[in-house]
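Subject: Handing over a structure, with notes

Dear colleague,

I am passing this structure on to you, and I would be glad if you could look through it before reading my notes.

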Amino acid sequence: MTDLIRAEWTKLFTTRVWLGLLLGACVMVIGFAVLLTAFAGNPESGIPAVGTPLYEELAMANAVNVNVLFLIVGIIGMTQEYRHRTATPTFLTTPRRGNVVIAKLLAYAVAAALFALVVLVVNYAAVAVHAGARGAAPALDADNLGTLGSAGLALVIYAIIGVGLGALLRNQVGAIVGGLVYLFVIEPIIRSIPATSGAYKWMPGGALEALTATFEGPDLLEAWQGGLLLLGYGLLAALLGTFLAVRRDIA
Amino acid sequence: MPGVTGTGAVNGGRHARAGSRIVTPVRLDGRDTRHQTRRSAIATPHAPATGPVRVEVRGLTKSFGSVRAVSDLGFTVEPGTVTGFLGPNGAGKTTTLRMLLGLVRPDAGTATFDGTPYTSLREPVRTVGAVLETAFHPARSGRNHLRVYCRAAGLPVERADAVLAQVGLADAGRRRAGGYSLGMRQRLGLATALLGDPSVLVLDEPANGLDPEGIQWLRGFIRHLAHEQGRTVLVSSHLLSEVEQTVDRVVIVGAGRLVREASMAQLRSGAEGGGTVLVRSPQVARLAESLRADGMPVTLDGDDSLTVAGRTTAEVGARAFAAGVELHELRSRTSGLEEIYFQLTAGQEQYAAGATSPEGSR
């Protein structure tokens with residue numbers, strides 16, 4: 001298994017896709033941090049003022065806004081095997097295909113943890129500089145560190161969901177478009193329509209909000225429940241993906 | 001019957017090769033290295049790390065929807081030989097190879113390497129190497145592509161450089177594989193297959209897209225791997241002429257069924273196919289008399305030549321020698337290999353047109 005995980009890291013780091021996505025995530029997180037801080041305390045925006053605990057929670061959880069890029073890291077990691085037809089040599093080298101998917105899940109969990117750490121550091125730095133300029137840089141106290149940790153965990157889980165989703169759909173473009181549509185269209189609609197908003201707390205987005213931070217949000221689970229639920233979605237995608245990868249013909 | 005005659009042909013081939021090995025110093029070297037490398041974990045590029053492996057396919061069947069791609073197919077690939085896996089496009093060759101390698105699940109039947117299915121092999125990469133299609137990430141260098149599979153198979157990454165040199169890609173190893181020419185891509189695929197120094201090589205249409213020089217190189221390389229290193233090679237093609245100079249035996253399929261399993265010598269002589277033998281002799285009348293006495297169907301073609309139907313050159317030659325007749329020419333007039341191959345597979349066409357789509361082999 002160690003060999004297979006190292007093989008996945010070799011695959012990941014011998015193309016530049018990871019670098020592009022990580023830089024993109026850093027740029028995005030800086031942008032969100034600046035916007036959040038710029039509009040903090042603005043009565044029209046509804047964002048709490050710099051220095052308040054609620055602002056700090058939102059600022060520390062800001063990194064989860066790049067969850068889509070972590071989802072894409074996972075999706076590309078899995079679907080590139082089908083897109084570039086390397087599934088053939090990969091499964092020839094490791095005929096026990098379940099092991100390949102498990103190795104990918106573990107390899108991407110670790111890689112995503114490293115990427116998440118970078119994003120969290122960048123996020124904190126951006127917030128500290130901007131909020132510091134506006135009066136009060138958030139301290140790295142237990143509360144804020146906890147929120148940062150939850151945000152990082154959520155990013156890792158999204159990468160795992162991405163790997164599972166990729167194994168499920170196999171089509172790279174389809175999986176990415178599907179992921180984007182789900183995150184930015186379907187979930188927001190379900191969240192905003194009163195008739196369906198009750199179900200939102202059970203969905204990945206609801207779980208993510210529960211795990212990290214929210215304001216003016218709908219009814220949500222407890223943070224730890226949200227974390228568990230999100231992890232459950234990750235594992236479900238991984239299990240389904242593994243099951244299908246083992247059964248399907250590679251043609 | 002194919003089994004019996006096949007074994008004979010293989011033994012004949014082995015004797016011939018054993019003989020040449022003794023007189024050729026290069027091949028003696030090869031044998032010495034084999035003894036050394038057996039002990040080390042990773043062999044040099046001179047002999048497979050594991051012993052000879054026989055490939056057996058029995059009753060293999062696979063349908064895609066209503067299309068039956070492969071139907072009760074069975075054949076054997078002997079160690080140390082190059083076996084051509086031939087058939088027209090859509091005959092089910094690729095599907096068969098994918099089932100052999102555990103990538104496609106057969107509806108029925110088995111495919112084994114010394115009795116073990118691919119997916120149960122303890123070290124699949126060291127037993128079997130396969131080139132099914134040129135598959136690599138275009139942004140990854142050839143060397144890194146190979147390193148990925150070294151890692152996955154638990155092989156030292158240095159193997160990547162070794163196989164790159166073996167296929168003549170050493171200088172291009174650090175370039176993006178996406179920029180490789182078609183011939184270089186085929187070589188990279190071959191390099192991937194050779195990583196584990198396998199006893200068996202399975203190559204699906206390896207000559208596709210190669211220029212004449214590349215095909216020449218490939219032929220030599222395949223022969224070297226089988227005859228001098230004792231590997232088992234199964235190479236598919238839709239053209240007999242493409243592999244006719246390379247293979248020792250052929251397995252011909254049409255519409256997913258076995259059409260013929262034979263050695264090239266058997267195919268050439270046309271012994272079972274009822275070919276004709278052409279003889280030229282100044283004593284043609286005496287020869288005809290002698291042959292007819294043996295019950296051979298003789299047709300006189302002119303003053304100095306005759307043809308014998310359904311016999312081999314060996315039989316006719318022996319008869320002429322016994323009768324003390326001078327011969328000026330004795331040759332098998334079996335209309336060329338490609339024609340035999342065409343006849344064999346053409347017999348399946350009616351069935352093929354009805355039951356197999358043109359894309360059936362995928």
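Predicted model: local features only at pLDDT ≥ 70, side-chain atom pairs only at ≥ 80, totals over all residues.

Chain A averages a pLDDT of 88, and 98% of its residues score at least 70. Among the elements of chain A, the highest mean pLDDT, 93, belongs to helix H2 (residues 17-38) of chain A, while the lowest, 82, belongs to helix H9 (residues 194-200) of chain A.

In chain A, helix H6 (residues 97-133) packs against helix H7 (residues 142-169) at an angle of about 145°, and their axes are 8 Å apart. The crossing in which H6(A) passes H7(A) is right-handed. On the side of H6(A), the residues that make this contact include Leu105(A), Tyr108(A), Ala112(A), Leu120(A) and Tyr124(A), and on the side of H7(A) they include Leu148(A), Gly152(A), Leu155(A), Ile160(A) and Val163(A). Taken by type, the residues of the contact of H6(A) with H7(A) divide into 19 nonpolar, one polar and one charged.

Turning to chain B, you will find an open sheet of four strands, in the order E12-E13-E11-E14, with antiparallel pairing. Its edge strands are E12 (298-300) and E14 (329-332) of chain B, each of which pairs on one side only, and the twist averages 20° from one strand to the next. Strand E12(B) is joined to strand E13 (residues 305-309) of chain B in the antiparallel sense over three bridges, and Thr299(B) has Thr307(B) as its bridge partner in E13(B). Across this sheet lies helix H12 (residues 313-323) of chain B, which covers strand E11 (276-280), E13 and E14 of chain B and runs at about 155° to E14(B).

The last point concerns how the two chains meet, in a contact that takes 29 residues from chain B and 23 residues from chain A. On the side of chain B that touches chain A, the elements giving two or more residues are helix H4 (124-127) and helix H5 (142-153) of chain B, and of these H5(B) gives the most, with seven residues. That side of chain B divides into 16 nonpolar, six polar and seven charged residues.

With best wishes

Notes. Residues numbered from 1 in each chain as written. Chains lettered and ligands numbered in written order. Pairing = 2+ DSSP bridges. Axes fitted to C-alpha atoms, helices over the stretch in contact; angles between N-to-C directions. Contact = placed C-beta atoms within 7 Å. Nonpolar A, V, L, I, M, F, W, Y, C, P; charged D, E, K, R; others polar. Left-handed = near helix turned anticlockwise from the far one by under 90°. pLDDT = per-residue confidence, 0-100.
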